[in-house]
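Work through the exercises below with the coordinates open. Try each task before reading its solution.

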Amino acid sequence: MDARLLIVDDEGIALSNLQHVMEKEGYKVTATQSGEEAVTLLQTQGFDVVLTDLRMEGVGGMDVLKASRERQPDAEVIFITGFATAESAVQALKHGAFYYIAKPFRLDEVRKVVAEALTKVRLRSENAELRREVEHYRDGDGIVTQDVEMQRLLDMARQIAPTDCSVLITGESGTGKELFAKYLHRQSNRADGPYTAINCGAFSEQLLTNELFGHEKGAFTGATTLKKGLIEASAGGTLFLDEVTEMAPSMQVKLLRVLQEKEVLRVGGTRAIKSDVRVLAASNRDVDEAIRNGSFREDLYFRLNVVNLRIPSLAQRKGDIPLLARHFLLKYASRMKKPVTRISSEVLTLLMDYPFPGNVRELENLIERGTAMAQGDVIEVAHLPESFQKAEGFSLRKIEGRLPTLEEQEQTYISRVLEEVKGNQTVAAQILGINRASLWRKLKARRKDQSES
């Protein structure tokens, strides 16, 4: 950036020396001996840094600082004064000055302080530009995309949100299915009601029954009080059932009754309770295959699948990768209070070439780690996991002379992650962006395939 400096000092020689030094540094300098003229310049021209004497006749340095804060709040103000006192220094910094330099000063000190002030201005400017770019593609409810297919799905979601129809959201793990569920809720007439989510694959049948339907007092040993289930507690709002295809067959029958009859029966209860809840469901499995093999009821599928939103994988919308990466950079740089504002071109190239079996969730994890590891303002390749840096070598490795299927690619990646974490399935599941039960099922399916081959 071409830095613009305003220097204000009523001592002509000091002013001339500072102007000469700063111009030699390559800055565009405007100099004045008048505090009054400085205020006028701040009203008519833009500056990145203001160096001003503190004590001047008429309009002093504090007046210049005040004018800068009002007219150009992003500019940094540095005080230089021959009347330095602890009290004046505290007052200057309290009112928003970047730094306070006492005369006589060393030129190296001034150069250093100005450079630091400009770094702060540049980081603030880059953050603002980055935020504008991300906000341009944000729908207003947290979904960041410039992909045509994703925009079509958002348009469809906006149309069906005000209705009470059930929606089945499908797509690979980590694509953002729950983001769409929350989007549908916030855009619906139930937005003021509760939004409740539960992962059906994370509970046993008995626990899931108790969570969803609740129980009457004395229904079983330990049921000392009445408990409302999530279906009942979500009245007037939305219930999101993630991994719905992992429900046991008996649970699917109970859920079907809720959808058909609009009522719920607590465990141990004898009286059905009217249910006023909109049900949204999601699955990362091939639902048609689950119906064919008998693990998912076709009649429940038709009840849930009034509208289907299939979220594309990140590999299918690669144009979103740089945008999402910057979105996550903003999020974690702010959360960690780190001055990271850029992702190196080498990292972006790796990201664009990577197949992302873990989808958006995996990208978020990579940027979170990169932000945490970055020591300056740029995420470099060295800040990413070693396994990712080497990932391009296996992403298109052929199997028996052909490119791998998506399932084979996923299994290869799971194996690499497990190897990286020395077989710890809990840690591996966190890295993959899935729960431990889902990882266990994927490993079980792989062992079954291996035993049959």
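**Exercise 1. Describe the lining of the second largest pocket.**

Solution. The model is predicted.
- Step 1: count the lining. The second largest pocket is lined by 35 residues.
- Step 2: find its middle. Gly 176, Lys 177, Glu 178, Leu 179 and Arg 361 lie nearest the pocket's centre.
- Step 3: assign elements. Two or more lining residues come from each of helix H7 (177–187), strand E7 (195–199), strand E10 (238–242), helix H13 (321–336) and helix H15 (359–373).
- Step 4: H7 contributes the most, with 5 residues.
- Step 5: sort by class. The lining holds 12 nonpolar, 12 polar and 11 charged residues.
- Step 6: give the volume. The second largest pocket has about 700 Å³.

**Exercise 2. Decide whether His 185 is buried or exposed, and list its contacts outside its sequence neighbourhood.**

Solution. 
- Step 1: locate the residue. His 185 sits in helix H7.
- Step 2: apply the cut-off. Buried means under 20% relative accessible area. His 185 has 6% relative accessibility, so it counts as buried.
- Step 3: set aside neighbours within four places in sequence. His 185 then touches Arg 190, Ala 191, Gly 193, Pro 194, Tyr 195, Gly 237 and Thr 238.

**Exercise 3. Work out how the buried residues of helix H10 are arranged around its axis.**

Solution. 
- Step 1: check the geometry. H10 covers residues 249–261, which is 13 residues. From first C-alpha to last, H10 reaches 18 Å, close to the 18 Å expected at 1.5 Å a residue.
- Step 2: pick the buried positions. In H10 these are Met 251, Gln 252, Leu 255, Leu 256, Val 258 and Leu 259.
- Step 3: look down the axis. The buried residues of H10 fall within an arc of 155°, so they line one face of the helix.
- Step 4: name the packing partners. The buried residues of H10 pack against helix H8 (205–213), helix H9 (230–233), E10, strand E11 (263–264), strand E13 (278–283) and helix H12 (298–304).
- Step 5: inspect the end. Just after H10, Lys 262 has a positive phi of about 55°.

**Exercise 4. Characterise the surroundings of Leu 241.**

Solution. 
- Step 1: locate the residue. Leu 241 belongs to strand E10.
- Step 2: list contacts beyond four places in sequence. Leu 241 meets Ile 198, Cys 200, Leu 212, Met 247, Leu 255, Val 279, Leu 280, Ala 281 and Ala 282.
- Step 3: link back to Exercise 3. Leu 255, one of these contacts, is a buried residue of H10.

Conventions:
Residues are numbered from 1 along each chain as its sequence is written. This is a predicted model: local features need pLDDT of at least 70, side-chain atom pairs count only at pLDDT 80 or more; totals for chains, interfaces and linings use all residues. Side-chain values use heavy atoms; hydrogens and water are left out. On a 1 Å grid over the protein atoms alone, a cavity is a set of points where a 1.4 Å probe fits but cannot get out, and a pocket is an open set with protein on both sides within 12 Å along at least five of seven lines; lining residues have an atom within 4 Å of a point. Grid points are joined across faces, edges and corners, and a volume is the space filled by probe spheres set on the points. Helices (H or I, at least four residues) and strands (E, at least two) are DSSP runs, numbered from the N terminus. Ala, Val, Leu, Ile, Met, Phe, Trp, Tyr, Cys and Pro count as nonpolar, Asp, Glu, Lys and Arg as charged, and the others, Gly among them, as polar. The expected span of a helix is 1.5 Å times one less than its number of residues. Buried means under 20% relative accessible area, exposed over 50%, partly exposed in between (1.4 Å probe, protein chains only). The arc is that of the directions from the helix axis to the C-beta atoms. Contact means heavy atoms within 4.5 Å.
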